[in-house]
Amino acid sequence: MTERVHSLRGLLLRRLWLPLLVLLLGSAVGSFALARFYAGQVYDRWLLDSAMSLSELVKVQDGRASIEITPAVSRMFTWDTADEVHGEVVDADGGRLYGDLPEALPRPAAGPAGDDDAVYYDARLRGQAVRMVEVVVSAGPGHDIRLRVAETLRKRHRLERKLLLTSIPFQAAILALAAWLAWSGTGAAARHANQVARRLASPRPDPLAPLEPAQEAPRELWPAVEAYNALLQRLDAMQAAQRRFVSNAAHQLRTPLAAMQVELESSLRQHDPQAQQLALSGTLAGLARLQHLVNQLLMLSRSEDPHGSALPLQPLDLAALARDVVERYADRALAAGVDLGYDGPDDGVQMQGDPQLLREALGNLLDNALRYGAVPGVITLGLQQDAEGVQVWVDDDGTGIAETERARVTERFYRASSEGDGCGLGLAIVAEIAQRHGAVLVIDGAPIGGARVGLRFRSH
């Protein structure tokens, strides 16, 4: 199943459009509610003004309140092009002075009063929803009158529809404008990022030279430029190491080839069979050294991991593997006059590793000891397992490795001594194998007087 390819512009638009749409819808709803509220305030004030106009008609004579409303005044009070308006005036004793509101019409619930202690509330009158106002005013000393005015909601509903129909196109235009701004803005950002990519890909005098983020990209792309610089540094380091390796390998290969060429030319000039045999023997020794060098180069290329991938490990018995390596080198040690031994358990040291690489690592340790140790001498491959992990080492009774040289003997093609016929790759290979197994290469002095070189595997 192929992974979905993500677009930065598409991601930005998805992150912007939905919140923007919600924000605009919320703004539209809020604007509509606010306009409806203030329109209601205006109509409520009109209701209050109507009630107060009735209060102006109330007269108090001989201690009695009365109201005189002519039919013309009544028509003027109730006239409206859209709604029905009803009013009521009640004196302090509960007697109705004017109005046609039914007695069963509900009174307002207790709540906050409006202007002039007026109370606004909703009710139903003759099956229609109405908006009402009730206010108590004083018509004279000791004569408080209560006024109620009711109005149907047709004008209010008509205004609400107008507000809604007006706001929808306006909000749609705002949404379209916002969408266009988001599209053009993200497009400009994407084009700018593409320009940065083109600048990064453009030819430069030094392709691996690091870039200055502040000069090459906006602040948001600085982490990408810094990661690009880190990649360039790793590539530069890998190329430098490769150049050094190729140069050193060429030098190491040239030396035995030149020596073999001299030996062959010498054998061609010789007429004495014994002298020719001696020259051919030197050529054969050069070929053996060249073969050893090529084998070491191949093993080094196998042991290192340029991609940083994990080494596939498998269960193995390190004790059995170590004894097998000692047996493989027994004949060579016997021919060199070296007492080669093994000090450790016969089996049962279980761990995870690559058998071929570990066999090569132990073989290189024994090979180094045979090449640079004392002749005749003693070489011991030791193995120990404890709570901290597993240690395997090779001791010899040669001259050892000076402390000042121990940090450099793992460098490729570096030889701490001119003695022996090694190529300077043995410990470099062991160090690579140790790193790939999560082990540590340890170089120290041996109890028998020479060098101790080994591996320490941590317990898991």
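Helices (H or I, at least four residues) and strands (E, at least two) are DSSP runs, numbered from the N terminus. The model is predicted: local features need pLDDT of at least 70, side-chain atom pairs count only at pLDDT 80 or more, and totals for chains, interfaces and linings use all residues. Residues are numbered from 1 along each chain as its sequence is written, and side-chain values use heavy atoms, with hydrogens and water left out.

Helix α10 itself is mostly covered, with nine of its 11 residues buried. Buried means under 20% relative accessible area, exposed over 50%, and partly exposed in between (1.4 Å probe, protein chains only). The buried residues of α10 are Gly426, Leu427, Ala428, Ile429, Val430, Glu432, Ile433, Ala434 and Arg436.

The chain as a whole holds 10 helices and 14 strands. Of its 460 residues, 35% count as buried. Its accessible surface comes to about 27,800 Å², and 57% of this belongs to carbon and sulfur atoms. These areas come from the Shrake-Rupley method with a 1.4 Å probe; for residues, only the protein chains shown count as cover. Contact means heavy atoms within 4.5 Å. Among contacts between residues at least 6 apart in sequence, 63% join residues at least 24 apart.

The largest nonpolar core has 39 residues. Such a core is a set of buried Ala, Val, Leu, Ile, Met, Phe, Trp, Tyr and Cys residues joined through side-chain atoms within 4.5 Å. Leu318, Leu358, Leu366, Ile379 and Phe457 touch the most other members. Two or more residues come from each of α7 (318-328), β9 (338-343), α9 (355-372), β11 (377-386), β12 (389-396), α10 (426-436), β13 (439-445) and β14 (451-458). Helix α9 gives the most, with eight residues. Beyond its neighbours within four places in sequence, Ile379 is in contact with Val338, Asp339, Leu340, Gly341, Leu366, Ala369, Leu370, Val394, Asp395 and Asp396. A second, separate core has 18 residues, including Ala51, Val58, Ile145 and Leu147.

Ser55 belongs to helix α1 (residues 8-55). Its relative accessible area is 12%, so Ser55 is buried. The side chain of Ser55 reaches the backbone oxygen of Met52 at 2.5 Å.

Asp83 lies in the loop between α2 (71-78) and β3 (85-90). Asp83 counts as buried because its relative accessibility is 4%. Lys155 is 72 residues from Asp83 in sequence, yet the C-alpha atoms are 6.7 Å apart. Residues up to four places away aside, Asp83 touches Glu151, Thr152, Leu153, Arg154 and Lys155. The Asp83 side chain makes polar contacts with the side chains of Thr152, at 2.6 Å, and Lys155, at 2.9 Å. A polar contact is a pair of N or O atoms within 3.5 Å; within protein, one must be able to donate a hydrogen and the other to accept it, and residues adjacent in sequence count only if both atoms are side-chain atoms.

Glu151 is placed in strand β7 (residues 143-152). Glu151 is buried because its relative accessible area is 1%. Its side chain joins that of Lys155 in a polar contact of 2.7 Å. Outside four places in sequence, the contacts of Glu151 include Trp46, Leu47, Asp80, Asp83 and Arg156. The charged end of Lys155 also sits over the ring of Trp46, 5.7 Å from its centre. This requires NZ of Lys or CZ of Arg within 6 Å of the ring centre and within 35 degrees of the ring normal.

One aromatic pair is found in the whole structure. The ring centres of Phe37 and Tyr38 are 5.3 Å apart and the planes stand at 70 degrees, so the pair is edge-to-face. Rings of Phe, Tyr and Trp (its six-membered ring) pair if their centres lie within 6.5 Å; planes under 30 degrees apart count as stacked, over 60 as edge-to-face and the rest as tilted. Phe37 is partly exposed, at 45% relative accessible area.

The peptide bond from Val375 to Pro376 is cis, with omega near -10 degrees. Pro376 is placed in the loop between α9 and β11. Arg126 is not a glycine, but has a positive phi of about 55 degrees. Arg126 is found in the loop between β5 (119-125) and β6 (128-140). With 55% relative accessibility, Arg126 counts as exposed.
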